[in-house]
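Visitor: I am new to this structure and would be grateful for a guided reading of it. May we proceed by question and answer?

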Amino acid sequence: MINGIINIYKEKGYTSHDVVAKLRGIVKQKKIGHTGTLDPDAVGVLPVCFGSATKLCDMMTDQSKEYEACMHLGFTTDTQDISGKILTNADVCHSESEVKNVIMSFVGGYDQIPPMYSARKIHGKKLYELAREGKEVERQPHHVEIFYIKLLEIKLPEVCFVVGCSKGTYIRTLCADIGNQLGCGATMTALKRTRVGNFVIKDSITLSQVEELVASNKLAAYTTAPDTVFKNYAGAVVKLDAERALSNGNKLYPEQLDFDDKTFFKDGELLRVYNRQHVFQAVYIYIKNEEAFKPYKMFLS
C-alpha cells in the first residue's frame, strides 16, 4: 500500500475526480484523494494523496498556488472561460500600458465573488449544479490574496501572465474582474497550474508515466513521504515510556520527547513526531496553558 503524495500532471480533458479514479485502477488501491479541483480544460500540478497521507488533503488544499494563464479581452462568457456561452462583445480600445496597469492593480488582497460554474457549495449544493439548472444565486465575496503577477506576453487582445495566489482564488474570475475593470470584459482562454505549495510542475508525472512506473516497480521513487509537508516544523522522537501514549493518540509532554534541536515552543506551534524506529507517526500542536502537545494529525499506518 502506498502512503504518501505523488505529484501528478493533470492533462486536459480529465477532472480531478477522473484522475483519482484512474489512479485507483492503476495502483489497485482505494484510499486516494486529490488536493484541489482543476477544471477539465486546465492542466498542471495536482498533488494526489495515498493511504495515510489522505489526511493531508485538506491541508494541501490550503497551500498557496501558482498558475500560468492567458485571457482574451473584449468578450465574456457564462463560465468565465473559453468553454462557455458568449454573453458580451466589446471593442478593446486600451493601450498595452493601460492594460498592464489594471492587471498589476490586482496584486494584493481583494474580495472575489466565486463564479457560478464552480464547486463551491451554497446550502449544500454545488454552484455548477445550480448553474446547469439555469439558476443564478447570490454569492458572498471571498477574500483572496494575489501575491504577484508576472506578465509573459501582451499581444492585444491576448494577454498571458503568471500569478501566485492564496487558496480559493479563481483565476478565470480574476481575468473577468480585470476585464470588468477595463470596461471591455475578458475571458480566460488557457490555464496551467505550475505549483501547489512545494510541489512544482517540473517534478510532476502523467498518468501514463505512473502506469510505466508501477509496471517497473519504481513508483516509490516518485512518492513523497507525508512528513515532508511539515519539514519547516521541528521534529521529535518519542521516548520509550511514551510510545503507548503516541500510538493511542494521547497528549505528550516535553519530557516524553527527544527533540531534534528546538526545546522552546509557542502556543499553537506544530511538531513532527516519530516513533522509536524513527517512523513518522503524527503532527502534534503545542498547547501553552497545558504545557503539553496534543494530536493535530495522526498518520499511524
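Visitor: How far apart are the end C-alpha atoms of helix α5, and what span should its 12 residues have?
Guide: The model is a predicted one. Helix α5 covers residues 171-182, and at 1.5 Å a residue these 12 residues should span 16 Å. The expected span is 1.5 Å times one less than the number of residues. The end C-alpha atoms of α5 agree with this, since they are 17 Å apart.

Visitor: Is α5 mostly covered or mostly uncovered, and how many of its residues are buried?
Guide: A residue counts as buried when its relative accessible area is under 20%. Helix α5 is mostly covered, and the number of buried residues is 10 of 12.

Visitor: Which residue follows α5, and what is its phi?
Guide: The residue that follows α5 is Gly 183. The phi of Gly 183 is positive, near 90°.

Visitor: Where is Gln 80, and which side chain does its own side chain meet in a polar contact?
Guide: Gln 80 is in the loop between β5 (75-77) and β6 (86-89). Its relative accessibility is 17%, so Gln 80 counts as buried. The polar contact, at 2.7 Å, is with the side chain of Thr 173.

Visitor: Which cysteines form a disulfide, and how far apart are their sulfur atoms?
Guide: A search of the whole structure finds one disulfide. A disulfide requires cysteine sulfur atoms within 2.5 Å. Cys 70 and Cys 160 meet this, with their sulfur atoms at 2.1 Å.

Visitor: Which strands hold the two cysteines, and how many residues separate Cys 70 from Cys 160?
Guide: The pair links distant parts of the chain. Cys 70 is in strand β4 and Cys 160 is in strand β11. The separation is 90 residues.

Visitor: Are Cys 70 and Cys 160 buried or exposed?
Guide: The cut-off for a buried residue is under 20% relative accessible area. Cys 70 has 18% relative accessibility, and Cys 160 has a relative accessible area of 15%. Cys 70 therefore counts as buried, and Cys 160 is likewise buried.

Visitor: Which cysteine sulfur is nearest to that of Cys 49, and which is nearest to that of Cys 184?
Guide: Cys 49 is in no disulfide, and the nearest cysteine sulfur is 4.0 Å away, that of Cys 57. Cys 49 is buried, with a relative accessible area of 0%. Cys 184 is also in no disulfide and is buried at 5%. For Cys 184 the nearest cysteine sulfur, 8.2 Å away, is that of Cys 93.

Visitor: Which strands stand at the edges of the open sheet of five strands?
Guide: The order of this sheet is β16-β15-β17-β18-β19, and its pairing is mixed. Each edge strand has a single partner strand, so one side of each is left without a neighbour in the sheet. The edge strands are β16 (257-259) and β19 (292-298).

Visitor: Where is Lys 262, and how far is it from Gly 74 in space?
Guide: Lys 262 is in the loop between β16 and β17 (270-274). At 29% relative accessibility Lys 262 counts as partly exposed, and it touches Ala 234 and Glu 269, not counting residues up to four places away in sequence. Lys 262 and Gly 74 are 188 residues apart in sequence, and their C-alpha to C-alpha distance is 56 Å.

Visitor: What does the C-alpha trace of the protein chain span along its principal axes?
Guide: The protein chain has seven helices and 19 strands. Of its 301 residues, 49% count as buried. The C-alpha trace spans about 75 × 50 × 40 Å.

Definitions and conventions
Residues are numbered from 1 along each chain as its sequence is written. This is a predicted model: local features need pLDDT of at least 70, side-chain atom pairs count only at pLDDT 80 or more; totals for chains, interfaces and linings use all residues. Side-chain values use heavy atoms; hydrogens and water are left out. Helices (H or I, at least four residues) and strands (E, at least two) are DSSP runs, numbered from the N terminus. Buried means under 20% relative accessible area, exposed over 50%, partly exposed in between (1.4 Å probe, protein chains only). Two strands pair if DSSP finds at least two bridges between them. A polar contact is a pair of N or O atoms within 3.5 Å; within protein, one must be able to donate a hydrogen and the other to accept it, and residues adjacent in sequence count only if both atoms are side-chain atoms. Contact means heavy atoms within 4.5 Å.
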